Amino acid sequence: MTVKDSRWAVRATQIGFLVLLLACSAQLAYWMADESRYTATVRDELRAALESQPGTSPAALAQLDADRFHRMNRYAWEGGFFLVVLVGAMGVVYAALREENALRRQQEDFLASASHELKSPLASLRLSAETIAMRDPAPPRRAELVQRLLSDLGRLDQMIANMLDASRLSRRDVRVSPERVELGSLVSAVAHELRPLADDCGVTVLVDVRDGLTVHADRDGVRTIALNLIHNGIKASRANAGTVSVSGSQDAQGVSMHVDDTGIGFENSESRRLFQKFYRLESSGQERVAGTGLGLYLVRRCAEVDGADVSAASDGPGRGARFTVRWPLPAAVANAS
């Protein structure tokens with residue numbers, strides 16, 4: 001089922017629920033009116049019978065009206081409860097259908113984005129390989145093409161790794177092996193790995209993490225976090241040939257890594273949605289940033305697995321962004337502090 005078909009299905013379900021709710025409301029109103037007429041008729045018949053008997057007290061006649069009122073009140077509560085349950089059930093089903101439709105739309109967007117992201121490096125690989133095979137370029141040009149081949153292969157490898165990591169981290173029983181990770185050397189290695197991409201985008205990556213700053217976490221998870229945050233900053237800053245700065249700090253609560261970029265920024269109301277699976281930010285021109293929408297999701301999941309917190313902040317569209325990951329200190333270090 002396509003997204004368009006899903007939308008029509010949700011719209012048809014909405015109309016169906018509305019018709020059902022109106023029909024049930026009309027049936028309830030008819031039932032109440034019918035019961036009102038019936039109880040009024042019974043009351044009048046009993047009143048006539050009592051009035052025909054000598055010695056009937058006014059209290060007995062008043063009791064007939066009280067009995068009818070209580071009966072109608074009970075009918076109203078029963079009908080109202082039925083209507084509330086019906087509306088609640090409709091709301092649950094409708095919310096489930098909307099969530100399923102949104103997830104299907106995100107998945108189709110992901111497939112389209114992944115296909116585009118795979119197509120670009122494959123086309124570049126093909127062009128570079130054909131140039132080497134057919135034209136036999138000079139050594140400097142050959143070295144440049146080989147470097148481009150390696151860069152494109154790295155992009156493909158990273159995309160596939162992200163997809164596999166997303167599948168693995170979607171499970172709840174993820175097992176990790178925490179260890180002492182030197183943050184500065186790891187971030188520097190990641191920045192060096194992404195330098196070809198940064199150069200292609202005209203973006204400068206700066207690393208300012210002091211030596212000896214360590215976190216107690218899963219090494220692969222920390223690398224995934226650093227890789228995706230820096231990669232995200234490069235993509236966001238390519239339009240203005242900006243800068244991505246990585247810094248680190250430590251306080252009594254834990255160790256933090258900050259990744260600042262001068263990219264497209266975002267409204268703070270979107271800060272939580274950025275870490276949702278398949279979500280991609282739209283620039284001020286309503287053009288989505290390239291990517292599969294998995295990078296920041298992986299950042300959040302890797303942080304959660306390590307017991308870390310991740311946050312995003314921006315001064316607004318066009319004003320860059322800051323992403324912060326804070327790892328808690330090991331118990332022994334925290335107690336010593």
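Tutor: Buried means under 20% relative accessible area, exposed over 50%, and partly exposed in between, with a 1.4 Å probe and protein chains only. This is a predicted model: local features need pLDDT of at least 70, side-chain atom pairs count only at pLDDT 80 or more, and totals for chains, interfaces and linings use all residues. Residues are numbered from 1 along each chain as its sequence is written, and side-chain values use heavy atoms, without hydrogens and water.

Student: What share of the residues in the chain is buried?

Tutor: Take the 337 residues in the chain. Count those under 20% relative accessible area as buried. The buried share is 36%.

Student: Which strand has the highest confidence?

Tutor: Confidence here is pLDDT, the predictor's confidence in each residue, from 0 to 100. Strands are DSSP runs (E, at least two residues) and helices are too (H or I, at least four), numbered from the N terminus. The chain mean is 80. At a mean of 94, the highest is strand β5.

Student: Where is confidence lowest in the chain?

Tutor: pLDDT stays under 50 over residues 332-337. Where pLDDT is low, the predicted coordinates should not be read in detail. With a mean of 46, the lowest element is helix α8.

Notes:
Contact means heavy atoms within 4.5 Å.
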